[in-house]
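Please walk through the model below. This report takes it part by part.

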Amino acid sequence: MFNFFNELALDYNLNIGEYNQFNLVNLSNRLVYIEGQKGIIKIATDCITFRVKKGVISVFGQNLTIKRITDTTLVISGEIKQIESGV
Amino acid sequence: MKGFKFEISSLNSEKCINLIIQKYEIFNFSKNDEKVIFYCKNKDKKNIEKILKKLNQKIYNKSYFGLLFHIKNIFSIGIIFGIFLSCILWGISTLFITDILVVGNYNLTTKEIFEVLENNDIYKWKPKKNINTKILQNKIEKIDHISYASVIIRGNTLIVNVKEELTNNEVINIGNFDPIVSIYDGQITSAKLIQGTLKVKVGDVIKIGDVLVEPYITNQAGEKISVEPLADIVCDVYITSNLNIKEHQIKTKRTGNSLTSFELYAFNLPIFKKQVNVTFKTYEKEENEVYISNILLPIKRKETTYYETVTTKENINFEENKQTFIEECKQIALLNFAKYDIIKNESYSIYKIDDTYTILYTLTLSKKIC
């Protein structure tokens, strides 16, 4: 099956195993798509924080909502202002 | 969007979500200070609810969303149950006949056909599968004066269509018959042939003596077969009457003065005579014969009475008595009015020649002429 991120890693000769911790796509600061989320830490209208492998990601903004969430994927919509990644 | 909506307490909502998303998908998750709203697939709702209960998460509200939500709102359980029950009843009712319809009988009564149906155990609410239409058809065809019958079940109705035998008058009435001729002047408004050859059509203007129906029919071979002509023909007949009224009328009246002379006869021989001198200028004479005795001696009395008369000239005021004259004229026209005739129109005209008024009254009758 076609996977955008795998194809991208292959194009740039990246080790898929090493670069397959999580993937994040920001669409015009309106929608953020995350693959590889490991659990929600905090949900608020101005901040959504979730775990990823070996780290935590926080999305800041206004009117943030989770449009879709499964065990590995997450879609956040709203006015996204900042995305922070930490260990 | 369709699915199931949960409104839960915002306390520990992250923990709940993390547990739920391990197995199930969640959409449109939004959170405010008090509540968390999220949606899930319908199939997951029970399991998600279990998880929420397990975590002692307070559920404020849960409802269907999307099409199911509207269906749930529009149709209450009672209505849905009613519709379901109706469907079942309708389904059951389609297995039975609920009505019996008899068509095509003109001389035979419906009751007679119903009797045959009842004898064959056909009644309303009988299961359709127990009705053999072909057998029923044969039995109905055996009724006198029925030449053909068809029995069909359409929907929940058993339809019995019968064709009655036509009375074959052609066979009975073969012979020399006279044609039907018109005895009126008029215009045909309806012509229904029963037997014979129709020579007129609707709209034809007919005169007295015109042939309406010829006493024969022509078969396929072109041969003419003599039959009694029969038809129902209705036409508009114009009946007119006239009344003449003179403006000056000369009338003779008796004055009351009279003279009587008489003669007695025995065996027709005069035996006594009383003569009178008639001095009247104008008179009327009346004679009367009476047998006084006719047993042994036939004696006859012949009496002649002279009544004095005077002649007067009377002026008739036509305008004053106009309505009376018109009514009189109408009554003359109505002498030709038969029981089943229908008056379609009536009119009159008045004209005057010299000192005589003439009223012409015309009645238009719808008359069955044969």
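## Overview

How many helices and strands does chain B have? Chain B has eight helices and 21 strands. Helices (H or I, at least four residues) and strands (E, at least two) are DSSP runs, numbered from the N terminus.

This is a predicted model, in which local features need pLDDT of at least 70, side-chain atom pairs count only at pLDDT 80 or more, and totals for chains, interfaces and linings use all residues. Residues are numbered from 1 along each chain as its sequence is written, while chains are lettered from A and ligands numbered from 1 in the order in which they are written.

Chain B holds 370 residues, and 15% of them are buried. A residue is buried if 20 or more other C-beta atoms lie within 10 Å of its own, exposed if 12 or fewer, and partly exposed in between; the C-beta atoms are placed from the backbone. Two residues are in contact if their C-beta atoms, placed from the backbone, lie within 7 Å.

## Where the chains meet

The two chains touch. In chain A, 14 residues are in contact with 13 residues of chain B. Strand E3 (37-43) and strand E5 (55-69) of chain A are the elements that give two or more residues to the chain A side. By class, that side has six nonpolar, four polar and four charged residues. Here Ala, Val, Leu, Ile, Met, Phe, Trp, Tyr, Cys and Pro count as nonpolar, Asp, Glu, Lys and Arg as charged, and the others, Gly among them, as polar.

Strand pairing also crosses between the chains. E5(A) and strand E2 (residues 26-31) of chain B run antiparallel and are joined by three bridges. Two strands pair if DSSP finds at least two bridges between them. Ile69(A) has Ile26(B) as its bridge partner. Ile66(A) has Phe29(B).

## Strand E5 of chain A

E5(A) also pairs within chain A. Six bridges join E5(A) to strand E4 (residues 47-52) of chain A, and the two run antiparallel. Ile48(A) has Val59(A) as its bridge partner. The hairpin of E4(A) and E5(A) has two residues between the strands, and Lys54(A) takes a positive phi near 60° there.

Next comes strand E6 (residues 73-86) of chain A. Eleven bridges join it to E5(A), again antiparallel. Ile57(A) stands opposite Ser85(A). E5(A) and E6(A) form a hairpin with three residues between them.

## Nonpolar cores

A nonpolar core is a set of buried Ala, Val, Leu, Ile, Met, Phe, Trp, Tyr and Cys residues joined through C-beta atoms within 7 Å. The largest has 29 residues, and Ile17(B) and Ile26(B) touch the most other members. E5(A) gives the most to this core, with five residues. Beyond its neighbours within four places in sequence, Ile26(B) is in contact with residues including Ile69(A), Ile17(B), Phe38(B) and Cys40(B).

A second, separate core has 17 residues, among them Ile188(B), Leu212(B), Ile233(B) and Ile359(B).

## Ile180 and its sheet

Three strands of chain B form an open sheet in the order E8-E12-E10, with antiparallel pairing. Strand E8 (180-181) and strand E10 (197-198) stand at the edges with a single partner strand each, so one side of each is left without a neighbour in the sheet. Two bridges link E8(B) to strand E12 (residues 211-214) of chain B.

Is Ile180(B) buried or exposed? Ile180(B) counts as buried because it has 23 C-beta neighbours inside 10 Å. Ile180(B) lies in strand E8 of chain B and stands opposite Val213(B) in E12(B). Its contacts beyond four places in sequence include Leu212(B), Pro229(B), Ala231(B) and Cys370(B). Cys370(B) is 190 residues away along the chain, yet the two C-alpha atoms are separated by 7.8 Å.

## A mixed sheet in chain B

Another open sheet of three strands has the order E5-E7-E6 in chain B, with mixed pairing. Strand E5 (99-103) and strand E6 (146-154) of chain B stand at the edges. E6(B) and strand E7 (residues 157-164) of chain B pair in the antiparallel sense over eight bridges. Ser150(B) stands opposite Asn161(B) in E7(B).
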